[in-house]
Amino acid sequence: MPGRSNLSLRKLKVASGERRVGLARALSKLGYCSRSQAFDLIRQGKVSVNGRVRHDAELPVDLQRDHLTVAGQHVALAESIYLLLNKPRGLVTTAGDEKGRETVYSLLPKETPWVGPVGRLDKASEGLLLLTNDSEWAARITDPTSHLTKNYHVQIAALPSDGLVEQLLRGIRHDGELLRARQAGVLRTGQKNSWLEIVLEEGRNRQIRRMFRALEIEVLRLIRVSIGPLQLGDLEKGACRPLTSSEKQALDHAFRP
């Protein structure tokens with residue numbers, strides 16, 4: 001749910017040519033809500049700029065000069081929030097679900113201001129999920145040009161063939177896309193199942209599941225254990241905590257062109 005954005009302020013960093021942005025994007029940049037939520041609020045006539053209700057989500061506004069309100073409440077720049085969540089299976093990564101399924105937001109403390117997921121983990125997947133109200137930072141994390149790797153532990157209902165790892169590295173074509181792992185290896189094997197470690201750089205939609213579907217191999221569990229230098233560690237399943245300053249700094253330094 002959107003927050004009131006009345007927390008302590010941080011300096012808004014905008015280049016001289018970027019002070020004027022579309023109204024929906026402005027609400028997102030201020031950490032009030034997601035852009036899709038902003039579009040809804042604007043369409044409902046709840047957003048005013050300098051005292052006038054505005055219905056144009058693309059209306060240019062000046063983040064440093066214009067006065068924005070939602071339902072009569074002033075929208076100020078929110079304190080940046082960066083959360084690490086250990087997502088369990090069975091929850092969807094969205095603020096609201098049209099099918100009534102439980103979402104990851106049920107795990108957050110009730111007083112948590114609005115935060116959005118950084119990327120996605122599907123309902124059946126587990127592990128490290130970031131949430132933040134810093135939309136620009138989230139965009140950098142998910143941008144393929146940042147080259148942040150995502151590390152997954154994957155249990156499959158098969159024993160790995162001699163050429164499986166090479167196939168994953170070379171690439172597997174599914175629905176017209178060539179999907180490949182940056183790194184892959186076997187962690188351990190049992191009598192019928194095995195665990196693999198797979199590292200992705202691009203992380204296309206449901207990439208790992210699609211790769212194994214093309215090979216007709218069932219994925220039993222899929223756990224994201226790291227994003228760049230950030231490790232899930234021993235955080236209890238279903239628990240969340242703020243990133244430490246050193247973790248945030250390490251992620252920021254890991255971005256590279």
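A salt bridge here is a side-chain nitrogen of Lys or Arg within 4 Å of a carboxyl oxygen of Asp or Glu. The exercises below use a predicted model.

**Exercise 1.** Find which residues are linked with Glu 126 in a network of salt bridges, and describe the pair Glu 126 and Arg 221.

Solution.
- Step 1. The network of salt bridges is made up of Arg 89, Glu 126, Arg 221 and Lys 237.
- Step 2. Within the pair Glu 126 and Arg 221, the closest N and O atoms are 2.9 Å apart.
- Step 3. This pair joins distant parts of the chain, since Glu 126 belongs to strand E9 and Arg 221 to strand E15 (residues 219-227), 95 residues apart.
- Step 4. Buried means under 20% relative accessible area. Glu 126, at 2%, is therefore buried, while Arg 221, at 23%, is partly exposed.

**Exercise 2.** Determine whether Asp 62 and Arg 65, which form a salt bridge, are buried or exposed.

Solution.
- Step 1. The closest N and O atoms of Asp 62 and Arg 65 are 3.9 Å apart, and the cut-off is 4 Å.
- Step 2. Asp 62 has 8% relative accessibility, so Asp 62 counts as buried.
- Step 3. Arg 65 has 67% relative accessibility, so Arg 65 counts as exposed.

**Exercise 3.** Work out how the buried residues of helix H2 (residues 35-43) are arranged, and what they pack against.

Solution.
- Step 1. Gln 37, Ala 38, Leu 41 and Ile 42 are the buried residues of H2.
- Step 2. Their arc around the axis is only 135 degrees, so they lie on the same side of H2.
- Step 3. They pack against helix H1 (23-29), strand E2 (47-49) and strand E5 (68-70).
- Step 4. The face turned away from the buried side carries the exposed residues Ser 36 and Arg 43.

Key
Residues numbered from 1 in each chain as written. Predicted model: local features only at pLDDT ≥ 70, side-chain atom pairs only at ≥ 80, totals over all residues. Heavy atoms only, no water. Buried < 20%, exposed > 50% of the residue type's maximum accessible area, 1.4 Å probe, protein only. Helix = DSSP H or I, 4+ residues; strand = E, 2+ residues; numbered from the N terminus. Arc of directions from axis to C-beta. Contact = heavy atoms within 4.5 Å.
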